[in-house]
Amino acid sequence: MTVSQSQPSFRPKALILPVTKDPSSLQYLTQLNQRTPLVPVKLTLDLGGQYLWVDYEKGYLSSSYKPALCGSAQCSLAKTKTCFSECCSSSPKPGSYNNTCGLIADNTVSQTYSLRQLGQDFVTIQSTDGSNPGKIVKVPNFILTCAATFMLQGLAKGVEGMAGLGWTKISLPAQFSAAFSFRRKFAICLSSGKGVVFFGDGPYNMLPTNIDISKSLIYTPLIFNNVSTASAHFAGDTSSDYFIGVNSIKVNGKNVPLNKTLLQFDEYGFGGMKMSTVQPYTVLHASIHKAVVTVFAKELSGVPTVAGVGPFELCYNSTAIGSTPVGPAVPVIDLVLQSSNVYWRIYGGNSMVQVKEDVICLGIVDGGENPTTPIVIGGHQVEDNLLQFDLAASRLGFSSSLLFRQTSCANFDYTSTA
């Protein structure tokens with residue numbers, strides 16, 4: 001397939017990135033074609049990540065790479081005033097230029113970060129009409145950060161960096177919407193196998209009936225937070241993570257007793273609830289975890305429990321649990337949002353994890369007494385749910401389980417129409 005070279009003559013309505021789940025690391029992986037000549041670069045998807053960063057030490061060769069010079073518009077977009085004025089005496093190459101601004105590469109899996117150089121390079125991505133992939137289009141000056149090889153620690157095998165979808169001006173959604181002048185909106189649809197990220201507005205159509213899964217979304221405000229990530233803290237900036245407000249949690253319609261102050265943001269940005277693709281399972285403050293486990297166990301008291309299987313505490317003999325179209329027949333969990341009639345319902349397919357042939361566990365993890373964020377919704381809990389992030393309107397649209405609609409996030413038709 002050829003790359004569309006004449007950008008003004010073809011303005012894509014939306015773009016897509018295929019996503020796969022790595023069974024070993026439980027990370028969600030994607031791939032961008034980057035550089036000149038083009039090279040496929042495997043990346044770990046980071047919903048709250050600030051930007052694209054890639055390893056430059058293992059043979060980053062590209063004739064189209066350009067450093068972001070100190071004081072340039074690129075540095076302003078990245079909100080950095082750090083300047084490598086005279087750092088490099090050898091021949092210039094990606095990550096080793098003088099008079100280049102610096103930005104922190106942040107590995108949110110291993111919680112490591114490093115101050116490195118900002119640059120630009122050629123990137124291609126596939127367009128879509130919402131039903132199938134279309135023409136491949138190019139972004140000639142896509143901003144990225146060069147990172148050292150040690151920053152790959154903890155990432156899946158073969159990965160060369162992280163693709164940040166966070167709330168910044170140089171994340172993937174921000175740069176793609178700026179390059180092609182479409183609305184600042186993107187959506188993720190993850191699964192245990194294949195999934196997809198859409199950049200731009202719907203439709204987002206899925207097989208077998210070409211159903212538009214962007215219809216009938218429930219909306220809740222997205223919330224700007226103060227400081228949550230190491231790199232944001234270092235820069236004195238706001239977090240790039242996506243937060244929403246939660247008023248209460250219910251299990252089978254029963255209120256879970258909570259310390260409501262944990263759900264509010266304090267002056268340092270601690271509190272609230274965010275979504276994460278680098279956390280494989282939902283992580284809760286110790287007191288919230290205990291309360292949810294207690295109420296859930298009471299509501300499922302007729303099913304025999306078995307010993308916990310790390311990192312999970314509450315586990316059952318799965319042969320004693322029936323099945324439904326949306327997963328194991330267990331109590332539903334409702335995250336009650338801005339009002340009592342706006343809630344994110346989590347069914348058995350997302351709340352439970354099959355850890356052994358005959359053992360199934362409630363897929364939530366105890367995050368201890370002092371987590372930065374008391375509720376972090378992990379990847380497993382959002383699989384086969386469409387999440388649409390409308391950054392212009394500062395709102396999140398969510399679908400709850402697509403299995404109710406007889407489709408899933410693995411059902412995008414990748415047959416090209418180009």
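By the distance rule used here, this structure has four disulfides. A disulfide counts as a pair of cysteine sulfur atoms within 2.5 Å. The model is predicted: local features need pLDDT of at least 70, side-chain atom pairs count only at pLDDT 80 or more, and totals for chains, interfaces and linings use all residues. Residues are numbered from 1 along each chain as its sequence is written, and side-chain values use heavy atoms, with hydrogens and water left out.

Take one of the disulfides. Cys70 and Cys83 are joined, with their sulfur atoms 2.0 Å apart. This link is right-handed, with 95° about the S-S bond. Cys70 lies in the loop between strand E6 (66–67) and helix H1 (73–77), and Cys83 lies in strand E7 (residues 83–84), so the pair ties together parts that are 13 residues apart in sequence. Helices (H or I, at least four residues) and strands (E, at least two) are DSSP runs, numbered from the N terminus.

Now look at a sheet. Four strands form an open sheet in the order E19-E18-E26-E27, with antiparallel pairing. Two strands pair if DSSP finds at least two bridges between them. Strand E19 (254–255) and strand E27 (343–346) are the edges, and each pairs on one side only. Strand E18 (residues 248–251) and strand E26 (residues 333–336) are antiparallel and share four bridges. In one of these, Ile249 has Leu335 of E26 as its bridge partner.

Helix H4 (residues 286–299) lies across E18, E19 and E26, and runs at about 25° to E18. Contact here means heavy atoms within 4.5 Å. Axes are lines fitted to C-alpha atoms, for helices over the stretch in contact, and angles run from 0 to 180 degrees between N-to-C directions.

Strand E16 (residues 218–223) has two partners to follow. Four bridges link E16 to strand E33 (residues 395–401), and the two run antiparallel. Here Pro221 stands opposite Arg395. E16 also runs antiparallel to strand E17 (residues 243–244), with two bridges. There Ile223 faces Phe243.

On a 1 Å grid over the protein atoms alone, a cavity is a set of points where a 1.4 Å probe fits but cannot get out; lining residues have an atom within 4 Å of a point. Grid points are joined across faces, edges and corners, and a volume is the space filled by probe spheres set on the points.

The largest cavity has a volume of about 130 Å³. Of its 13 lining residues, Thr282, Ile333, Leu335, Ile346 and Ile364 are the closest to the centre. Strand E21 (282–284), E26 and strand E31 (375–377) each supply at least two residues of this lining. The lining has ten nonpolar, three polar and no charged residues. In this scheme Ala, Val, Leu, Ile, Met, Phe, Trp, Tyr, Cys and Pro are nonpolar, Asp, Glu, Lys and Arg are charged, and the others, Gly among them, are polar.

The second largest cavity holds about 30 Å³. Its lining includes Lys13, Asp129, Gly202 and Pro203. By class, that lining has four nonpolar, three polar and three charged residues.

Finally, check the backbone. The peptide bond from Gly202 to Pro203 is cis, with omega near 15°. Pro203 sits in the loop between strand E13 (194–200) and strand E14 (205–206). Another cis bond joins Thr36 and Pro37, with omega about 0°.

Notes:
1 Å grid on protein atoms, 1.4 Å probe; cavity = no way out; pocket = protein on both sides within 12 Å on 5 of 7 lines; lining within 4 Å.
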